[in-house]
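Let's take a walk through this structure together, one stop at a time. Keep the picture at hand as you read.

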Amino acid sequence: MHFHKLQGDEIFTGTKMLTGNNVIVLKDDGAFEAIIEKQDAGEDVQRVEGLLCPGFINAHCHLELSHMYGLIPEKTGLVDFVFRIVTERHHSEEKILNFIAEAEAKLITAGTVAVGDICNNSTTYNQKQKGNLSYYNFIEASGWLPPVSVERFARAKKLYDHFRHLPNNKSAIIPHAPYSVSAELWQLMIPYFTNNTISIHNQETPHEDEFFEKGTGDFLRMYNKMTIDNSFHVPSKQSSLKSYFQNLSSARSVILVHNTFTKQSDIEFVKTHTSTGQLISFCICINANQYIEDALPPLDLFKKNNCDIILGTDSLASNHSLSMLDEMKTVQQKFPSTALEEMLQWATLNGAVALQMDDKFGSFEKGKSPGVNLIQNIINGNLSEASAVRKIF
């Protein structure tokens, strides 16, 4: 059997950094075989400049919105952003499919091997059928008005049945956000959470907590713009996260996405209400947070509380790229104390575990085929503006 041997300046394994005296050994099909010392590697070692690491896991993306790149101005705030997504997402199918194919190609070029992808329709299905990437298809259900819950759930279930037979893919029915899912719709979805990974947009704007705590704020303007009668809503008098979290108890893995306005009391609530054996991951989409709300997630708070952190890009409607390296550059710029090693774990193994794909991805371990990325132009252990990534296996 022929083996590929790769040596860089450093190797990040998925959990730790190794010196450049080590060599990654891969089988012809890309399966990881071993990491051995250079002196034991023999001939045919391919020497590259830069850091070698497993392929990236983009834990939160909306591939189906790729055609909306640059259409929505920055810093509109979430309410106006969501309204424009809902009202302006409809374009010709040919245009949408072309943009999806281009976006997937960019994900691959930027070193991504697996994606947690939000699906409201079937436009990404044909592209995913090609098997270029592994996807966890999050079939999103939304419907704030109780009378539409049965119809909205039926639509999501039909889409779920369509996607769940895709090879190299996983699928689950998920809630869009706490402010867009009625109690009735929650009850229809809950039986489908068991043992799955469930993703939800969480506390992306301060208006979300205000709406649940007091029934006031900018969400009332959103419902009004969408001609939704919100008069049935009774505020829970607690934060958004505390209001819905118990609904997720049967999920094996929960991905809370954005968390831009999550507080210490929310984190403590999550830690005391997490089911046995359940993983809760806080997904940071820092470039999208700045694009939409001109805000930063409380990353230091998550680190202080030893939260499981993962990374996503959100969509091209709310970001300038789908590059995980670009996300890490911004994290390092805004939170300079964040070590490259911990960011890489968020972008590799943590994401793979959250998506229940760590049997194949996320780390250099026997039995996995995680892909190999090369990151160059790392200066004094930190990413630089010139840092670039390319997939080399």
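The largest pocket holds about 990 Å³ of space. A residue belongs to the lining if it has an atom within 4 Å of a point.

Before going further, note that this is a predicted model, in which local features need pLDDT of at least 70, side-chain atom pairs count only at pLDDT 80 or more, and totals for chains, interfaces and linings use all residues. Residues are numbered from 1 along each chain as its sequence is written, and side-chain values use heavy atoms, with hydrogens and water left out.

Back to the pocket. Its lining has 39 residues, and V86, R89, N120, E140 and S142 are the ones nearest the centre. At least two lining residues come from each of α1 (78-88), β10 (134-141), α4 (149-163) and α7 (218-225). Those names come from DSSP runs, numbered from the N terminus: helices are H or I runs of at least four residues, and strands are E runs of at least two. Sorted by class, the lining has 19 nonpolar, twelve polar and eight charged residues. In that sorting, Ala, Val, Leu, Ile, Met, Phe, Trp, Tyr, Cys and Pro are nonpolar, Asp, Glu, Lys and Arg are charged, and the others, Gly among them, are polar.

Next, the aromatic rings. The whole structure has 16 aromatic pairs. Rings of Phe, Tyr and Trp (its six-membered ring) pair if their centres lie within 6.5 Å, and planes under 30 degrees apart make a stacked pair, over 60 an edge-to-face one, and the rest a tilted one. Take F153 and Y192: their ring centres are 5.4 Å apart and the planes meet at 50°, so this pair is tilted. It joins distant parts of the chain, since F153 sits in helix α4 and Y192, 39 residues apart from it, in the loop between α5 (183-189) and β12 (197-202). F153 is buried at 11% relative accessibility, while Y192 is partly exposed at 29%. For these words, buried is under 20% relative accessible area, exposed is over 50%, and partly exposed is in between (1.4 Å probe, protein chains only).

W186 and F193 make an edge-to-face pair, 6.3 Å centre to centre with 90° between the planes, and both residues are buried. One aromatic cluster is made of W144, Y179, F211, F212, F219, Y223 and F232. A ring can have a charge over it too: the charged end of K128 sits over the ring of Y135, 4.8 Å from its centre. The rule asks for NZ of Lys or CZ of Arg within 6 Å of the ring centre and within 35 degrees of the ring normal.

How many disulfides are there? The count is zero, with a disulfide taken as a pair of cysteine sulfur atoms within 2.5 Å. For C119, the nearest cysteine sulfur is that of C61, 9.9 Å away. C119 is buried, with a relative accessible area of 0%. For C307, the nearest cysteine sulfur belongs to C283, 13 Å away, and C307 is buried too, at 13%.

Helix α4 comes up again with A156, which is buried at 4%. A156 is 37 residues from C119 in sequence, yet their C-alpha atoms are 9.2 Å apart. E365, in the loop between α13 (340-354) and β16 (372-379), is 330 residues from I35 along the chain, with 8.9 Å between the C-alpha atoms.

Most residues other than glycine have a negative phi. N195, however, has a positive phi of about 65°; N195 lies in the loop between α5 and β12 and is partly exposed at 43%. N259 also has a positive phi, near 55°. N259 is in the loop between β13 (253-258) and α9 (264-273), and is buried, at 0%.

How values were computed. On a 1 Å grid over the protein atoms alone, a cavity is a set of points where a 1.4 Å probe fits but cannot get out, and a pocket is an open set with protein on both sides within 12 Å along at least five of seven lines; lining residues have an atom within 4 Å of a point. Grid points are joined across faces, edges and corners, and a volume is the space filled by probe spheres set on the points.
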